[in-house]
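Take a look at the protein shown here.

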Amino acid sequence: MSTRVSASWNVFYSRTRCRVPCLTRQHASEATNASVSPGAGDNKAFSKTLLLPKTSFKLRPDVKGVEEKYRKLSCDELYQWQSKYAEGPLFVLHDGPPYANGDLHMGHALNKVIKDIINRFHVSQGRKVHYVPGWDCHGLPIENKAMKDLKQDPLETPPEVVRDTAKSTALREITSQKEQFRTLGIMADWDCKERTYRTLDRHYEIRQLRIFQQMVENGLIYRQHRPVHYSPSSRSALAEAELEYKEDHVSHSVYVTFDVDGKCTSLPLALQDIISNGATVKLLVWTTTPWTLTANMGIAVHNDLTYDLVKVSTGGSEVVYVVASERREALQQYLGFEEAVIIASVTGQQLSDISYKPIFDSYKKSLKVITSSHVTSLSGTGLVHCAPAHGQEDYLAFKALDLISPSTTASNTVVCHVDSKGQFSEDVTSVIGEELAKELVGKEVLTDGNKAIVQLLNASGKIMKIQRIKHKYPYDWRTKKPIIVTATSQWFANLDKIKDDALSALQEVSFFPTLSRNRLEAFVSSRSEWCISRQRVWGVPIPALHHKHSDRVVLDSKSLQFIINAIEKKNLDWWTSPIEEFVPPWLLEDGKAASETWEKGRDTMDVWFDSGTSWSMLSEMGVGRNPDVGRKFDADLCLEGSDQHRGWFQSQLLTAIASAKPTEKLSSPYGSLLTHGMVLDEKGRKMSKSLGNIVSPMTLIQSGPDMLRLWAATVEYWRDMSIGKTVISQVTESLRKLRNTARFCLGNMGDLETLEIMERVPKSEMGLAERYIMNELYTLEQTALEGYTTYNFPKVINALNNFANITMSSLYFDITKDSLYANGSQNHERRAIVTVLEQVLDTMTRTMAPVLPYLAEEIHAARRCNSESVFRKVWTPLSKDWKDPDASKDMASLLRIRGTVLALLEKAREAKQLKSSLEAEVDIIVPNGFEGPVVELLHREEHFLKTLFIVSDASIADEGSLGTSSSNWVYSESISIPGSDDDIAIRVRPAACHKCPRCWTFSRLPDDRLCNRCEKVVETDHPHL
Ligand SMILES: [Zn+2]
């Protein structure tokens, strides 16, 4: 072993100043042979006297063993310990719950690791960390997973079976995800039910219902039958936040005509004339959703637009089309009117209230033209087909004119022929007649149904043109399928009333990255309501009571109070307990049982409402906002992917503001928001099964959690980031180097007993290299503290890697090996180095610990020999006294010279003049009589130069004092002296002395067995040799 280790050292230092001014060819050859001459026979004996590194700290970690040893210690037990004993101020990181519906992907892993880095950093600062991991358990993703497991269609499965299956699916997935999170080394009290949460927990649901009740009491919840975004693929209403807009959706749009009713009495004169002359007047309309034409309830024009009456003669008959003047030219060309003539123009105002015939002949009732400000002349014809069931603007226009009622039983309720599957329902018969209905009923409006209706209208000559267009269209963000707008009865939360409060509460929130504030503010300010009901069976109920014989629906603070109390106190379940339990006495009708009059509402709450109310558990746990102890917010920090600006970040804010009691001060539930990007593959593509580019965290974890964690801390997580083979191998290499750096320190610091009694060297007695390293270490620590505080982990890791690889590995370790291995254990210089190595190791361990807890625990155990976690000791930064800009400046000057020396040595090596740099000596030649800081520095540090250059000797000479060199080889180079016109010459030549068989420096005098230094060490420590 000694041979291998010796060969790897760069051994060089010797106290002996062996000055043989010129070296003849003969000397040189003796020098070369010295490795086998005097003392050669004792090589082995001498090598045993070296203080070679010794440590039980393994070169490669035993991943499984390390995990077994430290997981509990550094995760569950550490969490418990710090919750009990940490004395610093409380830090609450509120966990956004992932869906409990499958294995973890890289996004989950990144999310939890970043949270854990922050938590561990706070623990290391002595703060008490509150971190309670949660799971989102309701809603479509879980239902889908459950039904997939059951291999059943949810619509064909009884609700109670869906609920039972979904519940056990969620619980099973939680157990599995929990185990996976644990393998990432996430500090939490995973097995404690009170220190984790699930949105299906009974007390969670009850607390959520109480928040809902308060929102009802605040007058923010209402029910309406009206158009909403509806996803046929999810069979549920969706909130704006659940939509994704696809830019290139293809629709078949049509130009259709509606005949003006000639019998109408309110026609403007121009139209009366035309009709009385026997021509037909047609209103020309363009629509991208032909399937909504059966639900047409009117045609809208704009008051201020002018409309041309365009006469077209076809096949002997005359038809007059009504189109907006501004659109006429484009349409004339496009629709190919031959010899069209404008016979008159009218205003939108004049068209208002005229009647037209429905597009389907079988529907006898005539309809009206209305005026509305949402009509424009930017596209289409300037006349808009209105189907209030399928368009928000149409609905609002009709509502403003009092033409429709939000009640489903009123005679003027919105006309809607689409069922919950997104198909034409039987109701369409009332408009198109039984014969035609056969073509439509049961067909999906987005596909076959749309085609069928276009065919029907084409056959009846109502279509002038069919046009295929690509346009922006909303999709369901979960199923990735297009949605429709259709009328259903839903519960809404009024956001207009609380929007301003929510936005002003956000003023107090800090955002990282800063610009993400705009995103959340934009989402909040663009919403005026939140559709909170969903047509799912697996979820928290909206406990409304529906009257069986009218459209009365009761949901007020009093009824909710009664129902929630019943659920809570009698341990009832809304879905399975009888209605009698939930109907309050004041709603009972004389002599009738509750079940005769009332039934339970079947809507569930939007899952964003579930997770959105999670902030409220913090108060219950005693860590919520409390101005008395200076806690302004419930959570100090929430940290999720950037898609949560429209999801959880928003739903938490809205439920918190909306459920505040009138007397309460309005405040955001969180003080800071941190967002991360998406994890992409190596080529920057989204990971997907179809591309086969999914990187699973559970595969990566085979190399130990530290590797995955180091990756998470290395990437700029606030943008989208990549993971792939190249990145992983880079991270693996960094981790290996950090480990090696620690191992070098441990190996050279000696065993615990030696270290315990070793006298440390104070700064005042340290050499330049030691002071320089301590200054660098101080800088590293300050950078790390700042990086952790500002969530800039790549900054921490970069600084740490640079320190380990450049400052330590490539410089300090190289230049200290001679002293560490060959000097005596009590040697002052050696003790100074060990003093530094000890500090370096401790500070590096503190610095890496939040990111690499297992490596830090391993080092800590090797250092301390006790079984306490490294995190138990508060991270006390190095004293400011170690800050040493002078040492840094001096070292920079010397390192510049070192660069030149190393280049010259390399030249000599390439020319096969030497193998080891120890075979050389260096002369630094300064200009005659030149004085200045650099020269002064060189003189001051002259004794240190050979150490720094890793040569057998280095000395400074004046130009004049230098004799003619007769070495058999010499390499020289000049470098400029900063701030002057003079140069320093650097000369590398063969070492004059002989190789010392113990330390391998060329500093042994020809007749000695060892160099001076080694002789002394051996005499003192190994007198028998
Ligand atoms: Zn020696």
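Predicted model: local features only at pLDDT ≥ 70, side-chain atom pairs only at ≥ 80, totals over all residues.

Residues are numbered from 1 along each chain as its sequence is written, and side-chain values use heavy atoms, without hydrogens or water.

Start with the whole. The protein has 34 helices and 34 strands (DSSP runs numbered from the N terminus: H or I of at least four residues for helices, E of at least two for strands). Its radius of gyration, taken over C-alpha atoms, is 41 Å, well over the 31 Å that the globule rule (2.2 Å times the number of residues to the power 0.38) gives for 1025 residues, so the protein is more spread out than a compact globule. Along the principal axes, the C-alpha atoms fill a box of roughly 130 × 75 × 50 Å.

Now look inside. Of the 1025 residues, 56% count as buried, meaning under 20% relative accessible area with a 1.4 Å probe, protein chains only. Contacts are heavy atoms within 4.5 Å. Among those with a separation of 6 or more, 78% join residues 24 or more positions apart.

Turn to helix α6, residues 106–124. This helix has 19 residues and reaches 26 Å from its first C-alpha to its last. That is close to the 27 Å expected, counted as 1.5 Å times one less than the number of residues. In α6, 18 of the 19 residues are buried, so the helix is largely enclosed by the rest of the structure. G126 follows α6, with a positive phi near 85°.

Definitions and conventions
Buried < 20%, exposed > 50% of the residue type's maximum accessible area, 1.4 Å probe, protein only.
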